[in-house]
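My entries follow in the order I made them.

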Amino acid sequence: MSNIPTELKYTTTHEWLKDEGNGLYRVGITEHAQSLLGDMVFIDLPECQRRYGENEECATAESVKAASDIYSPLSGEVVEVNTRLEDAPELINHSPYDEGWIFVIKASESLQFDDFLSPQEYQTLIAD
Amino acid sequence: MSDLKKTALYIQHEKNRALMVDFHGWLMPLHYGSQINEHHAVRNDAGMFDVSHMTIIDLHGDKTFIFLRELLANDVAKLTIPGKALYSAMLTPEGGVIDDLIVYFFTHKFCRMVVNSATREKDLDWIKTHAGRYCVAIDVRDDLSLIAIQGPNARDKVSQLLTPAQREDVAGMKPFFGIQTGQLFIATTGYTGEKGYEIALPSELAEDFWQKLEQVGVQCCGLGARDTLRLEAGMNLYGQEMDETTSPLIANMEWTIGWEPQDRDFIGRKALEKQRNAVSEQLIGLVMQGKGVLRRHLPVICTDRQGNTCHGVITSGSFSPTLQRSIALARVPMNVVEHATVVLRGAPQAVRIVKPVFVRNGTSVID
């Protein structure tokens, strides 16, 4: 059974979002996603202060098994990236929801947090 | 996954929370949490692999030796000391590789082969087709399990589980030997580039032996680590570096062909002799400095000594946990210069061509 924190929202492409207030959202990949990918070896982070569109490819997580694109769950400007991942990509494996966060994005318009998958809906998605 | 075959160690893998995957019809552990940690355990200490999916074949009969001198591209006549092992290809008449295997010599009437699992059925068909003429009996040892224990401390840790008599039997064993001692067949072979053993034992004893190995501190390792370890060691994987469409001469296996004596007419010999003077490709190693991971099937853009662009292909690629960068095996034309390029996700990346061995006994050999 995969760990799916109840305070987060999810996407169908296995990113999680955390509402940090003031239109800021912290983004990472789920425990389920990291377990499918296996040991991380390189992370290509998004560019800080760059604008990304909704569902735009913005980062890459490369594991022993495969390279996997990470998509921006919303349109906005990346305001912070987790540079620790450059030297320690395994943080995504060990702590996908905490130390393994990938970037913080400032939404370009106010959005309904409820538009994303709830923990229950994400659980259903990965159970299929 | 109910149709998949399970080894005698399946319950142990489940107990150790392995991620189980379909490996050519077998339900096998890919890793037990982190394949990179498992890889490091083998390079720095000791790790163990359940390789019971591999097929052990015993050959009995007065003409066993004569039969193997026809069946295998390497010459078992090189084996004179009982227990000595030999790596060989088994070829089609056209010189393609049916499989690569290890053969152990016990007597001229009794030898043992260990072949790959993915090729099991076609190997057995091929062997039986040719064995009949020599009245060699084929005994498939599905009653045995096979555990590889590898790493600088592997032999010491195994030693703790042996009886005094067994310990005496394995003392001073040279590389590439196998010995039956008590219930264990202990061989100084492996697929990691480290010292260690491959141990065949009756399947009903396998779980107990596996658990005892855990108790003396041997790390459980899955097929993921097995693949990165063999890649670092520059060892071929059947189906990637070679198959029936590949000549051993372009798969770094020239050294395994027993050309002498010239009158030994092994299967595939005539085809290989024709190819021998016109070899146009080679298997080399690639090392990448930058970020990213070289993957199988990616094209390699090379330059020959005249400055012309030519192309090759990656046969196996991964991240090397020991070297902390990506490495690969690739087939490229002969006479290419050291610097080449691989396009990764749209971006050209510089790679260096090296001899196809990256790590030996825990140490980098590429610099």
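I started at A:Phe42, which is buried at a relative accessible area of 13%. My cut-offs: buried is under 20% relative accessible area, exposed is over 50%, and partly exposed is in between, with a 1.4 Å probe and protein chains only.

Ground rules next. This is a predicted model, where local features need pLDDT of at least 70, side-chain atom pairs count only at pLDDT 80 or more, and totals for chains, interfaces and linings use all residues. Residues are numbered from 1 along each chain as its sequence is written, chains are lettered from A and ligands numbered from 1 in the order written, and side-chain values use heavy atoms, with hydrogens and water left out.

pLDDT is the predictor's confidence in each residue, from 0 to 100; chain B averages 97, and 99% of its residues score at least 70. The model gets ipTM 0.85 and pTM 0.94.

**Ring pairs**

I counted rings of Phe, Tyr and Trp (its six-membered ring) as paired if their centres lie within 6.5 Å, with planes under 30 degrees apart called stacked, over 60 edge-to-face and the rest tilted. That gives nine aromatic pairs over all chains. A:Phe42 and B:Phe319 are edge-to-face because their planes stand at 90 degrees, with the ring centres 5.5 Å apart. A:Phe42 is in strand E4 (residues 40-44) of chain A and B:Phe319 in strand E16 (residues 309-320) of chain B, so this pair joins two chains. For the record, helices (H or I, at least four residues) and strands (E, at least two) are DSSP runs, numbered from the N terminus. B:Phe319 is buried as well, at 4%.

Then I looked at B:Phe67 and B:Tyr134, a tilted pair with 5.9 Å centre to centre and 45 degrees between the planes. They link distant parts of the chain, 67 residues apart: B:Phe67 is in helix H3 (residues 64-71) of chain B, B:Tyr134 in the loop between helix H4 (120-131) and strand E8 (137-140). B:Phe67 is buried at 0%, and B:Tyr134 is buried at 14%.

I also noted a cluster: ring pairs link B:Tyr104, B:Phe106, B:Phe110 and B:Phe185.

**Strands in chain A**

Back to E4(A), where four of five residues are buried. I took two strands as paired if DSSP finds at least two bridges between them. E4(A) runs antiparallel to strand E6 (residues 57-63) of chain A over four bridges, and A:Asp44 has A:Thr60 as its bridge partner in E6(A). E6(A) is also antiparallel to strand E7 (residues 67-71) of chain A, over five bridges. There A:Glu57 stands opposite A:Tyr71. E6(A) and E7(A) make a hairpin with three residues between them.

**Sheet in chain B**

What is the order of the six strands in the open sheet of chain B? I read E10-E11-E12-E9-E3-E13, with mixed pairing. Strand E10 (178-181) and strand E13 (219-221) are the edge strands, each pairing on one side only. Strand E3 (residues 47-50) and strand E9 (residues 144-150) of chain B run antiparallel, joined by four bridges. B:Phe49 has B:Ala148 as its bridge partner in E9(B).

The ring of B:Phe49 has the charged end of B:Arg226 over it, 6.0 Å from its centre. I call a charge over a ring if NZ of Lys or CZ of Arg is within 6 Å of the ring centre and within 35 degrees of the ring normal. B:Arg276 likewise lies over the face of B:Trp259, at 3.8 Å from the ring centre.
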